[in-house]
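Have the sequence and the structure open side by side as you read.

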Amino acid sequence: MKRINSIILLLFATVSVAQTDTRLHTIIDAVSAERIQKDVTKLVSFGTRHTLSDTLSQTRGIGAARRWIKSEFEKTSTTCNSCLNVFYQKTLIKKGDNDRISKDVWVVNVVAVQKGAKYPNRYIIMSGDIDSRVSDPNNFTSESPGANDNASGMAGTLEAARVLSKYEFENSIIYVGLSGEEQGLYGGKGLAEHAKEQGWEIIGIMNNDMIGNIAGVDGVISNRDFRIFSEPVPPTESEKERKSRRFYGGEVDGISRQLARYVHKNVKTYMPEMNPMLIYRLDRFGRGGHHRPFNDVGFAGIRIMEAHENYTQQHQDIRTENGINYGDVLEHVNFDYAKKLTAVNAINLASIAWAPPAPAEVKIGGIVEPSTKLKWTKVDGATGYKIYWRDTTSPTWDHSRYVGDVTEFTLDGIVIDNFFFGIATVGANGYESLVVFPNGIFR
Ligand SMILES: [Zn+2]
């Protein structure tokens, strides 16, 4: 009996192993804390990276910083047969655009695009920020190391590009250093508008802002916890969509939330030592980040960041006051933790970039019936589809059923009223698209 049990156990073990892809474990292991430390140190060495700081010096200011970031992406590209297309994307912001723009300034993002082989016009984005600030947001000359905010996110983005450039993907990946964050989210706005103009199909953006601090102002020290912020529904929705949500649901099922759940699930599967926290809000209370301009134009976007912030080490002049050392300096960054959060990004960029597109339309039916019915549009390149559902109070897609290559399915005995439902596309390699919440109904 014991023997049979262990054979059964072994069988289960084999089955569950087959559901993961060893490439993602290889990707996690390939992310280097040492290289992230080197890059954060280099970014800090530019003295200040304030958006309005010097652009001519080779050693100080945001100009030198962005030229170095560009050269790092280009260096990565030389190791992958020029797999990255690296360029500046810039917008001129006029003096007085808001009270943090004290002179005309070019807000310059550094973009690196790794083209997908099958769906080159579909993009998943990872971002960090180039710029930094001190106590006075308009002070562009003082020492402003911005080691955690946000050299950590920028270094993570450079490192993810190094690791993932060894692979070929079906969808395109954008690695980007955004600028102008502290002056009013200008870089993200510029790139989101550029994406619209170019007709890029944006699957979503994972914005990394502060991924290196493990000792919080709340006294908690944790190198496991991190937060995934996502807004509930897009701000671009129509009045009709808003009204229909009242009757058919979807209050907590917008496109950004599905991206957040995707990341959460992948981390639980591949990095079970980490504790991802789904935070049901756009960003921290009253505060901003560079995923927002993407949300503003209707793209999915989330913020990935540490769980325990320390406000004495953000946006502060370097000084000692009442025995407290203020300032966003190198010593407070935990590079092993930044490596972990970089790996979180890398496995999700890879999974999404290896997955087929999600169905464009998903319709649901089953009113006053004992079963739930779903219908969806066929996706070219899909091997099959997976229906997900969950209790209405659950934050995660807890139940699923692979239904093969069909475009409609009835879940017998599952009453529509008691759950939320969604559909994901599954590719031949096993990778899945983001889940689509039903966007239509049928009888
Ligand atoms: Zn900041």
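Tyr385 has Gly404 of strand 14 as its bridge partner. The model is predicted, and in it five bridges join strand 13 (residues 384–391) to strand 14, the two running antiparallel. These strands belong to an open sheet of three, in the order 14-13-16, with antiparallel pairing. Strand 14 (399–404) and strand 16 (419–426) are the edge strands, each pairing on one side only. On average, neighbouring strands of this sheet are turned by 20° against each other, direction ignored. As a reminder, strands of a sheet pair through backbone hydrogen bonds, either parallel or antiparallel.

Glu182 and His315 link distant parts of the chain, 133 residues apart. Glu182 sits in helix 6 (residues 181–184), while His315 lies in the loop between strand 8 (301–306) and strand 9 (319–321).

On the surface, Phe247, Tyr248 and Ile441 form a nonpolar patch, with about 360 Å² of accessible area together. Ile441 is placed in strand 17 (residues 440–441).

Is Glu182 buried or exposed?

| Residue | Relative accessibility | Class |
|---|---|---|
| Glu182 | 6% | buried |
| Ile441 | 43% | partly exposed |

Glu182 counts as buried because its 6% relative accessibility falls under the 20% cut-off.

Note on methods: Residues are numbered from 1 along each chain as its sequence is written. This is a predicted model: local features need pLDDT of at least 70, side-chain atom pairs count only at pLDDT 80 or more; totals for chains, interfaces and linings use all residues. Side-chain values use heavy atoms; hydrogens and water are left out. Two strands pair if DSSP finds at least two bridges between them. Helices (H or I, at least four residues) and strands (E, at least two) are DSSP runs, numbered from the N terminus. Axes are lines fitted to C-alpha atoms, for helices over the stretch in contact, and angles run from 0 to 180 degrees between N-to-C directions. Patches are made of residues with over 30% relative accessible area and no salt bridge: like charges are joined within 9 Å, nonpolar side chains (Val, Leu, Ile, Met, Phe, Trp, Tyr) within 5 Å. Accessible areas come from the Shrake-Rupley method with a 1.4 Å probe; for residues, only the protein chains shown count as cover. A salt bridge is a side-chain nitrogen of Lys or Arg within 4 Å of a carboxyl oxygen of Asp or Glu. Buried means under 20% relative accessible area, exposed over 50%, partly exposed in between (1.4 Å probe, protein chains only).
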